Amino acid sequence: MQIDLTVNGKRASLDAEPRLLLVHALRDVIGLTGTHVGCDTSSCGACTVLLDGVSVKSCTVFAVQASGHEVTTIEGIGTADELHPMQEAFWSSHGLQCGYCTTGMIVSAVDLLKRNPDPSDEQIRAGLEGNLCRCTGYENIVKSVRVAAKAMREHAPLHSVRDLMPIHPPAEEPPPSGEGIIIPALEKALT
Amino acid sequence: MEYRNGKIGVKGDPSKSMTTAEAGFMAFMGDNLPPGLEPGMDATRRFEPPNFVFPFGTHVCVVEVDAKTGQVEFVKYLAVDDCGRLLNPMIVEGQVHGGIAQGLSQAMFEEVVYDGDGQLLTGTLMDYAIPHAEQVPHYDLDHTVTATTVNPLGIKGVGEAGTIGSTPAVANAVMDALAPFGVVHIDMPLKPEKLWTAMHAKNGRAR
Amino acid sequence: MIPAAFDYVRASSVDDAIRLLGEHGDDAKLLAGGHSLIPMMKLRLAAPAMLIDITGIPQLDAIRVDGNRVTIGALTKHAALAASDALKKTAPALWDAANQLGDPQVRNRGTIGGASAHGDPSADYPAVLLALDATFTVVGKGGERKLRAGDFFREMFDTALGAGEVLTAIAFDAAPKSAYVKYHHPASHYAVVGAAAVLTLNGGSIATARVAIAGVGDSAFRAGGVESALAGVRGSDEAAVAAACAGTASGQDARSDTFASGAYRAAMADVFTARAVAQAASR
């Protein structure tokens, strides 16, 4: 069956069985693996994406249902060069440990702030009711959302991954930006 | 060979050098190694401390139990842990937060239930409860720093501090709340029905 | 988890949906938000050969207040109900239920019609809609039928919605003195017990009461004995309300699961009913 989606602003067309779940379309067909499969019973929220701008659990939506609609995954929330304030806040406030729930948590939190730009801690906790985390005890997740909300209200400047992670120790010739340090050697070895 | 400016180089020849990553990659790929030299670049050292380290701490939990339902609400949670010198206080706190949640979850929620035929009844997160953000309290943390002498950094472990402290702190808080009903012990997890039944069994009717 | 294979088609109108249901017979299922159906399909507890997606049908997702009458389109999402000030004023019990149902992502996707037609005994809406004495509009080949909530909800996962019919709207009289109080299952977020109360007051005293319970029986049910016992009781008299709410689940074979026994559920039905009544009276 022909399925036409807009994913992170780009058209994506696929021919798939109607039973293909949106999360599998995103991960296995389109190749966006930032959206995770956690519980597969619509409990944990690891698979959360925005569908027409609102958070949904993509393990409980068939891709065909999203045909003609807009999907935003974690890859569309921000980029390494311009992190979304929520991504930066999860980084700076240590809002994650293993990282498995993080992408869904960030997408849910982005939706939460759209509805309520200045939530109390109680409202943050209630807004993240659909996302489970096993590592953090939620304390720093709540803090991250609070920090991001403040940054967004104050229109704080966006940062890149490199701003946040200085190369250590500083090399005389830093590797080319945006590429892994192993790439030049790999290219040499493969040619 | 010598290590200069973040690179491995040939002694006395400034023109010949490569980054550690490049050297590591060549060693790993193993294409241009001299005959008889196996690929890979690793080194192993062992440090044997003269004794164990003993991190310690105290966890305090305040709960309210609804006598009509047995439902438990967290009022306050305070943990003071000592893991010696804190190399990264943010990570240390994160470890304690997560540990508290896991421990209180064991005390309150988590239970593997089988039926009489050995069929698992709590096989998905629809039945097996782990807490979401609204079901855990805010944790107040503090620490003392008693550096250990058995390693040069003065560090002690912290990964399990939260789980060790929180389970008994939560369970004891609930038992303390039930003390007026003459209840002294209930097996974990402290599900509301067990608390309700215990309160009613002792008094006939909860106040 | 991958469901069994099926075909998928989108209905453009209610008539189109009825035609498609007629063509595909018992093998077809209507798909709205899918948050009851898709989990069952993934567990292969349901395996429809054809899904008819009705979410694109226009004008079925409105909340309309017409004088004293509130009408809700079957495709109205939980999130829209939860955010509706008009609903909060006219039927706070339903607003309570929408706000406590599932979690934000589920509320963004699921619909009141889908959740009602599913007939889950642990779902929140059936109890509220019973207490509101709501009228269900269902449309089939033979035209339109109006069913009262008491006739619509039958047994576990069974409603009076015919195989070829589409639920289009749910309507009820405004009930500003109403509340729904829920005992959340810690894992599933479904109701261990949910109590809905719809009152009319005379001064501070309860003139009439309709009370319905979710989570306890094989289907949501009205607690008739409690309703009569509440008449004349002052809503602020905690002891009198609690006494009137004793035996809410009498006559029901209360369900047990890994979280709560039937006896505990029945006892909690009394407690939560009293709380719902007190809250409704104070509104």
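**Close-up views of a predicted model**

**View 1. The two domains of chain A.** In this predicted model, the domain assignment divides chain A into domain 1 (2-77) and domain 2 (85-158). The contact between them draws on 18 residues of domain 1 of chain A and 15 residues of domain 2 of chain A. The C-alpha centres of the two domains are 21 Å apart.

**View 2. Area buried between domain 1 and domain 2 of chain A.** The two domains of chain A bury about 1300 Å² between them, and carbon and sulfur atoms give 57% of this area. On the side of domain 1 of chain A, the residues that lose the most area to domain 2 are A:His36, A:Ile74 and A:Ile77, which together make up 36% of what that side buries.

**View 3. Polar contacts and composition at the domain interface of chain A.** Nine residue pairs are in polar contact across the interface of domain 1 and domain 2 of chain A, while the count of salt bridges between these domains is zero. Strand E3 (48-51), strand E4 (54-57) and helix H2 (74-77) of chain A each supply at least two residues to the side of domain 1 that touches domain 2. That side of domain 1 of chain A has eight nonpolar residues, nine polar residues and one charged residue.

**View 4. An aromatic pair in chain C.** Over all chains, the structure holds nine aromatic pairs. The ring centres of C:Tyr183 and C:Phe259 lie 6.0 Å apart with the planes at 75 degrees, so this pair is edge-to-face. C:Tyr183 belongs to strand E11 (residues 178-184) of chain C, and C:Phe259 to the loop between helix H11 (238-244) and helix H12 (262-282), so the pair ties together parts 76 residues apart in sequence.

Technical notes. Residues numbered from 1 in each chain as written. Chains lettered and ligands numbered in written order. Predicted model: local features only at pLDDT ≥ 70, side-chain atom pairs only at ≥ 80, totals over all residues. Heavy atoms only, no water. Domains from an automatic or database assignment. Contact = heavy atoms within 4.5 Å. Buried area = accessible area lost by both parts, 1.4 Å probe. Salt bridge = Lys/Arg side-chain N within 4 Å of Asp/Glu carboxyl O. Polar contact = N/O pair within 3.5 Å; in protein donor to acceptor, adjacent residues only side chain to side chain. Helix = DSSP H or I, 4+ residues; strand = E, 2+ residues; numbered from the N terminus. Nonpolar A, V, L, I, M, F, W, Y, C, P; charged D, E, K, R; others polar. Phe/Tyr/Trp six-rings, centres within 6.5 Å; stacked < 30°, edge-to-face > 60°.
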